[in-house]
Structures are given as structure tokens and as C-alpha cells.
Amino acid sequence: MFVQAANAFPQSTNSSVLTNQAFFSQFPYQWPLMEQLSLKVKASPTPNSVVQERSIRVMWVISNAFQARKAFPAIELFKQRMKALKLDYQLMVIQYDEGSSYQEYIKRFKQGLAFQPDYLISSLTSSVNRKLIEQVLIKDQTKVIVFDAATPVISWLNSPPLMYVGLDDRAIARRFAQYIDSIYPLETKISAIMLPAGYVNQTRCDAFIDAMHSRGRKLSKIFYSDATELDTYKYVVKTFGNKKKTEFIFSCSSAIAAGVLKAVNEKGLKLATNSWRYTSQEQKALDKGTLIVTLEKDVKEFSFVIAETIQSDLTGHDLPKLYIPSSALISAVSPLTR
């Protein structure tokens with residue numbers, strides 16, 4: 001248990017969550033636990049030796065299309081690691097489909113809970129998701145792994161999730177701002193395309209804008225998108241197709257970056273962007289100069305840590321409450337920036 005009052009954390013970025021720096025400062029014993037788990041995750045799997053009385057029930061929640069792009073590859077890798085660990089399990093995937101109502105999503109979520117999962121894996125992409133997870137934590141019948149988040153929720157410290165797994169998006173956004181500020185003159189016009197209001201928008205997009213403002217950089221345009229490639233493409237063509245002077249657009253997700261790059265490539269626009277993933281497509285864009293900087297992260301580590309966490313929990317090993325996978329910024333100028 002983490003029995004601490006919210007006002008004990010002056011390092012927090014806002015009144016609801018902790019930075020991971022604040023978390024490790026208040027709970028220093030958590031750092032070596034994370035390092036121990038990291039060694040297991042990066043090593044060859046050790047097959048389970050505990051006799052299981054029944055299959056482990058796992059419920060994986062995908063709350064929007066933005067999450068789905070990352071979740072499905074992660075789920076496949078998770079399955080691989082669970083097989084290598086020789087764990088007997090059942091997996092139920094609950095997905096919020098675009099166009100359906102939140103009421104329908106909540107109904108599906110509750111139907112998933114009727115499955116009586118031992119473990120719930122979910123992101124914190126919306127206030128709806130947060131409330132649903134909170135209800136699960138209060139009942140204390142299912143262990144929660146919060147995926148894609150590295151900022152513990154202060155109000156949950158007394159009954160925390162089993163683990164948070166994610167990158168420090170605020171820190172990464174600040175690193176993006178530092179890099180962009182270092183390569184563009186002060187008079188350069190910079191715009192941003194944001195995500196819908198919510199957890200990810202706050203931790204990524206708002207953090208970037210705040211970091212740019214702290215460096216004396218005011219953005220020319222800020223557009224809130226629906227996080228799709230098509231929406232971004234249409235906006236960029238309409239807004240920047242008349243040779244306006246914006247030279248760089250900050251993309252708050254890899255899907256948004258894809259829309260910007262599509263507009264640049266098809267319409268010959270003279271601007272560049274960033275991304276949040278590193279694939280052969282991003283490398284080509286880096287080579288062309290249309291992509292300035294991107295993020296490389298180990299998807300296997302994200303997935304394997306969930307499987308290793310379940311095995312360690314079953315065998316009674318101590319676990320950290322927060323796990324931050326490896327990441328690096330890659331740019332056309334400097335191949336690796338940690």
C-alpha cells in the first residue's frame with residue numbers, strides 16, 4: 001500500500017497524478033524492484049514451475065482506435081511470452097469501436113468483468129476508462145495493469161493497480177521541445193496538432209506546448225484533431241497548402257504524424273514534423289528531411305513485462321508498481337539521442 005496524502009507530493013505535475021520522478025522520490029525502494037524486473041524481461045523466459053489449478057483469466061481493454069494501433073501488436077507479443085513461460089491462460093479483448101457510444105463501451109466492459117478476470121490490462125486514455133478502472137480497484141477482485149502510463153494516480157495510492165507500464169510522455173515531450181528549439185531559429189513558425197482532450201493529450205501535447213513556452217517559443221497554430229491520419233491530412237492540406245510560413249508541425253501521435261507526412265509528400269509542402277514510432281517508413285522520412293525526430297521504443301519490452309508481471313505475481317515475487325520501458329529519440333542529425 002502507498003498510504004500518502006495528495007498534498008505530500010509538491011512535485012506532481014497537477015493535482016491528480018505523480019511524475020515518475022516524484023514517485024521514485026517518495027518510494028525509493030521501487031527503483032531496484034523495477035531494475036530486477038527489467039532483468040527478467042530482457043532475459044530468456046523461465047518456464048512456469050507452479051502447478052496451476054485453473055487457467056489465468058486476462059481481460060485486455062482497447063479504448064479507442066489510437067490505442068488499437070499499438071495494442072494489437074503488443075497483444076501478439078504478449079501471447080508469445082505467455083506461451084514461452086508455459087502459463088495456462090484465457091484472454092478476452094474488449095474494444096471500443098469508432099462510432100459506438102460510450103454506453104455501449106461501458107456495457108462491453110461490464111460484460112468482460114462478468115468473465116471474472118484475474119488481471120485487467122487497460123490504458124487511461126479517457127475519463128470514462130479511469131472511472132471504470134477505479135470501480136475495479138475498489139472491488140479488489142481483479143488485479144489491474146495500467147498500460148501506456150507512467151504517472152501514478154494519487155487518489156489510487158491506497159489501493160493501487162498491480163503495476164503501471166509506460167513511457168514518461170511528459171519527459172519525452174519536453175525532450176522533443178528541447179530538440180526542436182535547438183535546431184530552429186526563434187523566428188521559425190511552429191504549429192501543433194493535438195489529440196482530443198484527455199489523459200494522453202495532457203501528458204504529451206500540453207507538455208510540449210508548456211515546454212516550448214518556457215523556452216520563449218509561441219506556437220503559430222494549435223489544432224485539436226480526432227487523432228486519425230485522414231483528419232490530419234485534410235487539415236494540413238487545407239491550412240498549410242497555400243504556402244503559409246509554418247515550417248514545423250508538432251504531431252502528438254504517430255497517426256497524426258502519418259497524416260502530416262502524407263500531406264507533405266502528396267502536395268509538396270515545405271514543412272516537417274516529428275513522430276512517436278520508429279519503423280522503415282519513419283527512417284525514409286528522416287532521410288528525406290520531412291521527419292525531423294522520432295521516438296524509438298521496445299514494443300517487446302512493453303509486452304513481455306506484462307507477461308513477466310503475471311508470472312511473478314503468481315509465484316509471490318515482489319513487483320514494482322511502476323515500470324518504464326527503454327526509449328530513445330532518433331533524429332536525422334544525431335542517430336541516437338537518449
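Which residues point one way from β12, and which the other way? Ser327, Leu329 and Ser331 go to one side of β12, Ala328 and Ile330 go to the other, and all are buried (buried meaning under 20% relative accessible area, exposed over 50%, partly exposed in between, with a 1.4 Å probe and protein chains only).

## Ground rules

This is a predicted model, where local features need pLDDT of at least 70 and side-chain atom pairs count only at pLDDT 80 or more, while totals for chains, interfaces and linings use all residues. Residues are numbered from 1 along each chain as its sequence is written, and side-chain values use heavy atoms, with hydrogens and water left out.

Helices (H or I, at least four residues) and strands (E, at least two) are DSSP runs, numbered from the N terminus.

## The sheet

Let's start with the strands. Six of them make an open sheet, ordered β7-β6-β8-β9-β10-β12, with mixed pairing (two strands pair if DSSP finds at least two bridges between them). At the edges sit β7 (222-224) and β12 (327-331), each pairing on one side only. Ignoring direction, neighbouring strands in this sheet are turned by 20 degrees against each other on average. Axes here are lines fitted to C-alpha atoms, for helices over the stretch in contact, and angles run from 0 to 180 degrees between N-to-C directions.

Inside the sheet, β8 (residues 248-251) and β9 (residues 272-274) pair in the parallel sense over two bridges; isoleucine 249 has threonine 273 in β9 as its bridge partner. β10 and β12, on the other hand, run antiparallel and are joined by five bridges, with lysine 297 partnered by serine 327 in β12.

Back to β12 for a moment: five of its five residues are buried, so the strand is largely enclosed by the rest of the structure.

## Helices around it

Helix α6 (residues 169-183) lies across β6 (190-194), β8, β9, β10 (291-297) and β12, and runs at about 155 degrees to β10. Contact, by the way, means heavy atoms within 4.5 Å.

Then there's the α8/α9 pair. The axis of α8 (residues 229-240) comes within 7 Å of the α9 axis, and the two cross at roughly 45 degrees. That makes α8 oblique to α9 (under 35 degrees counts as roughly parallel, over 145 as roughly antiparallel, 65 to 115 as roughly perpendicular and the rest as oblique). The crossing is right-handed, which is the label when the near helix is turned clockwise from the far one by less than a right angle, anticlockwise being left-handed. On the α8 side the meeting residues include Tyr233, Val236 and Val237, and on the α9 side they include Ile256, Val260 and Ala263.

## The disulfide

The structure holds one disulfide, defined as a pair of cysteine sulfur atoms within 2.5 Å. Cysteine 205 and cysteine 252 form it, with their sulfur atoms 1.8 Å apart. Cysteine 205 sits in helix α7 (residues 199-214) and cysteine 252 in the loop between β8 and α9 (254-267), so the pair ties together parts 47 residues apart in sequence.

The torsion about the S-S bond is about -105 degrees, so this disulfide is left-handed. Cysteine 205 is buried at 0% relative accessibility, and cysteine 252 is buried with a relative accessible area of 0%.

## Two residues to look at

Glutamate 282 belongs to helix α10 (residues 280-288) and is buried, with a relative accessible area of 2%. Leaving aside residues up to four places away in sequence, glutamate 282 touches Ser275, Arg277, Leu291 and Thr294.

Glutamine 135, in helix α5 (residues 127-139), is partly exposed at 42% relative accessible area.
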